[in-house]
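Subject: Structure handover

Hello,

Here is the structure I said I would pass on. My notes on what was found in it follow below.

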Amino acid sequence: MNIIDNHQPTAKLQALDAAHHLHPFTDTAQINARGTRVITQANGVYLTDSDGHKLLDGMAGLWCVNIGYGRTELANTAARQMSQLPYYNTFFQTSHPPVIELASLLARLAPGDLNRVFLAGSGSEANDTNIRFVRHYWASLGKPDKSVIIARKNGYHGSTIGAASLGGMSAMHAQGGMPIPGIEHISQPYWYREGGDSSPEEFGLACARELEETIERLGEENVAAFIAEPVQGAGGVIIPPETYWPGIQRICDAHEILLIVDEVICGFGRTGNWFGCQTFDIRPDIITIAKGMSSGYQPIGGSIIREEIAEVFADRGGEFNHGYTYSGHPVACAVACENLRILEEEDIVGNVANVTAPYLREKWLSLGDHPLVGEARIIGMMGALELTPEKSSRKPFAGEEGAAGLICREHSFSNGLVMRHVGDKMIISPPLVISRSEIDELVEMAHKSLDQAYADLKQQGLMQVSR
Ligand SMILES: *Cc1c(COP(=O)(O)O)cnc(C)c1O
């Protein structure tokens, strides 16, 4: 007997959802008035809803279903592990095969001497671990004041209080008393919106220099770490100018601070390499992982730490008073291992780099010619379109930010494509296994949605530039 019934009438599911389920990142009154779309099944890159509509998932769930839906190997692995050992903890001098296998697999896959793994249940938890870890690291070296973490405006590092404080999302900070003390935010390398008259290269360097200025202003003896995503995802697929990461790396090398690279989206193939830090030639001390690590089939996240730092931490730190009940959960670890096996054995990352990402790139960039699009940008399997009322000036719409993006997203869903909007940017991050014909379909539906949104915006008088 299965308690979950996929075949109830949509209206009944929607009514129960509205009555009892509070959704994340959602205006509850608004969605309850309109009714949720109930997803009942998925296979490959396609979702099916409770009315039988098929949708191409251009977002891989929330940037996570890297190997695509419906891989029964992962389901079988979970079932096997659940019967063998559904749960045990790793706190009190105990361990188990799935966590041991996953940690060694991650150490092999991660670049350089990123060899020590601390596991969590999500990316947010992993970033909370990072805050605790870097502060305790410096304290155990006799530098307890070295505790400030520098992060970036419009960065995203998760939604727990610690992770959301590292993040630079002003709408999140406006609720619940964030950020917590000891976190400083510097500019994001978002040339399209914030670069003004400078070239992307100049702007990238200027943003990097802000890290150095901030370290100097706070005093190097007070700064523990800098954290950033290689490419900002939730902020709107913001691909930094080419000068940015070399500049940041130089500054981190010249100062005694730790570099935390949040690979929760970029990790596991998204940018065309196993990790975003390889795409940008960054040498992190710690990386945050989650999402694509299990392709979302099980909730799991973690931090991978450089050997040398983990050694010092082990020698000097004593007991680390931190951990989660589900750190290294056996079922999540087993499923993550199976996901990584598939990614590796089927050379999914290589196929992205050599075949599908270049194909998607050419098609996606051609959307930049659309009259509603100010810039099309893409790296690997993550792309964005800047909607604009005026191509030449990069100026935003006069009306409320995000209104145009929402109109375009609604058309996109109606056309059968899950494309997300972040303000007036349209973004995609499809499963890494998307084929060329599915890419054709994605870009065709995106193009049609742009046409429809453009017609609506003109008709509603919304193609006005903010002055
Ligand atoms: C999604 C995300 C997180 C948070 O991960 P959760 O699993 O949602 O807690 C952290 N960092 C980045 C870059 C993310 O995209």
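Gln93 sits in the loop that runs between α4 and α5 (97-109). This is a predicted model, and in it the phi of Gln93 is near 60°, a positive value in a residue other than glycine. Most residues other than glycine have a negative phi, and most peptide bonds are trans.

The peptide bond leading from Met178 to Pro179 is cis, and its omega is near -5°. Pro179 is placed in the loop between α8 (170-173) and β6 (183-186).

Next, the domains. The protein chain is divided in two: domain 1 covers 37-70 + 348-459, and domain 2 covers 73-345. Their C-alpha centres are 26 Å apart.

How many residues of each domain are in contact with the other domain? On the side of domain 1 there are 36 residues, and they are in contact with 36 residues of domain 2. Between them, domain 1 and domain 2 bury about 2,900 Å², with 60% of this area on carbon and sulfur atoms.

Several elements supply at least two residues each to the side of domain 1 that touches domain 2: α3 (60-63), α15 (348-366), β11 (373-379), β12 (382-387), β14 (420-422) and β15 (425-428). The largest share of that side comes from β11, with five residues. By kind, the residues of domain 1 that touch domain 2 divide into 21 nonpolar, eight polar and seven charged.

On salt bridges, a search of the whole structure finds 18. One of the salt bridges pairs Arg71 with Glu346, with their closest N and O atoms 2.7 Å apart. Arg71 is in the loop between α3 and α4 (72-84), and Glu346 is in the loop between α14 (330-345) and α15, so this pair ties together parts that are 275 residues apart in sequence. Side chains of opposite charge can pair when their charged atoms come close.

Last, the ligand. Which residues surround the ligand? They are Ser122, Gly123, Ser124, Asn127, Tyr156, His157, Gly158, Glu229, Asp262, Val264, Ile265 and Lys291.

- Ser122: an N or O atom of the side chain is 3.5 Å from an oxygen atom of the ligand.
- Ser124: an N or O atom of the side chain is 2.5 Å from an oxygen atom of the ligand.
- Asp262: an N or O atom of the side chain is 2.7 Å from a nitrogen atom of the ligand.

Regards

How values were computed. Residues are numbered from 1 along each chain as its sequence is written. This is a predicted model: local features need pLDDT of at least 70, side-chain atom pairs count only at pLDDT 80 or more; totals for chains, interfaces and linings use all residues. Side-chain values use heavy atoms; hydrogens and water are left out. Domain bounds come from an automatic or database domain assignment. Contact means heavy atoms within 4.5 Å. Buried area is the accessible area (1.4 Å probe) that two parts lose on being put together, summed over both. Helices (H or I, at least four residues) and strands (E, at least two) are DSSP runs, numbered from the N terminus. Ala, Val, Leu, Ile, Met, Phe, Trp, Tyr, Cys and Pro count as nonpolar, Asp, Glu, Lys and Arg as charged, and the others, Gly among them, as polar. A residue is near a molecule or strand if one of its heavy atoms lies within 4 Å of it. A polar contact is a pair of N or O atoms within 3.5 Å; within protein, one must be able to donate a hydrogen and the other to accept it, and residues adjacent in sequence count only if both atoms are side-chain atoms. A salt bridge is a side-chain nitrogen of Lys or Arg within 4 Å of a carboxyl oxygen of Asp or Glu.
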